[in-house]
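These are my notebook entries on a structure that I looked up.

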Amino acid sequence: MSDSIPMPHGQSGRMNYSILIAVIILAGLSQGMLLPVLSILLEQEGVSSSLNGLNAAALYVGSFAMTLIAERVLGAIGFKKLIAAGLALVLVSLLLFPLLTGVKVWFVLRVLVGIGDSAVNYAAQLWVLLMTPAEHRGRNLSLYGMSYGLGFSLGPLGISLLRFGQPAPFLITALLFVIVLLIVGFKLPDSRPEAMDHSEGQASRFGRSYRLAWYALIPALLYGYMEASLNSSFPVYGLRTGFSADQIAALLPFAGIGGLLLQLPLGIWSDRYGRKAILIAAGTGGGLAFTLLPLTGDHVLLTLLVLMVAGGLVGSFFSLGLSYAADILPRKLLPAANVVASFHYSLGSIAGPGIGGLLLQFGWGGSVFAVMGGLYIVFGLAGLLFSPGKKI
């Protein structure tokens, strides 16, 4: 029988938590590196921008596919083996990218990376949820979210490695995966979540998670929508507003910087003042900030400040939502809730660019942010109607 899930007290618990943080930094790093590096390489090969973008979407296809089976796979093999398998799958894909070139092959490899990263994310974030006491849940999940954001932000540095040859960013990232994979294999305990009650079907567990914690599960959808829509629509909006390409490149990261700066404070405040209150305040404030963005026009400093405030307030939504779900739901429903959150994130990531593109094509450019802000404000107001049920 596998070990029970350790709480992050004592040297062993802290070491396990530190390893999981390293794992999630690496997962963010791999995605942050692959997106721009592969886009640049495909552009240099003359691949059209539309096909280039479609190729990039393969990552979300793999991630979405993994969410459909993640709960059952985790129950069958446990946390350690699922994390190790996900790391190994990404490692092999990284080694194959320089060897097997071409749009079709890279599409398949990106799907595999999406599957591997999704497996790592699902297992690591659920393990952190289960091993963290309620009074520190917001803080620990915020640190988790910051770690992924840090890795994702460092990923584009791989572009500078291309000067040493096309394989360089892939090989160096692969080396990091080898190191972390060895640490996982030798240091992490072979733990599993509580056994699922097979008398209740998977669809029933998802349904009960929604019924008890729908308000805590929506933030993942909004976060995915915001992240993907902002990254795809703001460059087009910025060019039409009068920003140069260099100004857009300098402005866009500030939404993420704001998220990194406020992630930990919001998590700590949610432990102190309640998850629901912080979600309502952050959602409403962030929504208002997004609706004000079109009013900044082509003023670089004002746009930077609004992006930073908006991104800072809603950049913690995924981790805050998961923390709130863990507060509300019985432990046996957390694996199902984690699947729902991952599904919501993928759905939002797919919907965001499509809706943003339609709004840019047929309407006022600022409507992209008016709609985004409106969704967050409606979410904040909906919190006044939400009352969590009892853990059963």
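Entry 1. I counted 15 aromatic pairs, where rings of Phe, Tyr and Trp (its six-membered ring) pair if their centres lie within 6.5 Å, planes under 30 degrees apart counting as stacked, over 60 as edge-to-face and the rest as tilted. The rings of Tyr-215 and Phe-379 are stacked because their centres are 4.2 Å apart and their planes stand at 0°. This pair links distant parts of the chain, with Tyr-215 in helix α7 and Phe-379 in helix α14 (residues 367–382), 164 residues apart. I take helices as DSSP runs (H or I, at least four residues), numbered from the N terminus.

I noted that the model is predicted: local features need pLDDT of at least 70, side-chain atom pairs count only at pLDDT 80 or more, and totals for chains, interfaces and linings use all residues. Residues are numbered from 1 along each chain as its sequence is written, and side-chain values use heavy atoms, leaving out hydrogens and water.

Entry 2. I found Tyr-215 and Phe-379 both buried, meaning under 20% relative accessible area (1.4 Å probe, protein chains only). Tyr-215 is also stacked with Phe-386, their ring centres being 5.6 Å apart and their planes at 20°. Phe-386 lies in the segment after α14, so this pair ties together parts 171 residues apart in sequence. Phe-386 is buried, at 3% relative accessible area.

Entry 3. I then looked up Glu-227, which is in helix α7 (residues 202–241). The side chain of Glu-227 makes a polar contact with the side chain of Tyr-345 (2.4 Å); such a contact is a pair of N or O atoms within 3.5 Å, one able to donate a hydrogen and the other to accept it, and residues adjacent in sequence count only if both atoms are side-chain atoms.

Key. Helix = DSSP H or I, 4+ residues; strand = E, 2+ residues; numbered from the N terminus. Buried < 20%, exposed > 50% of the residue type's maximum accessible area, 1.4 Å probe, protein only.
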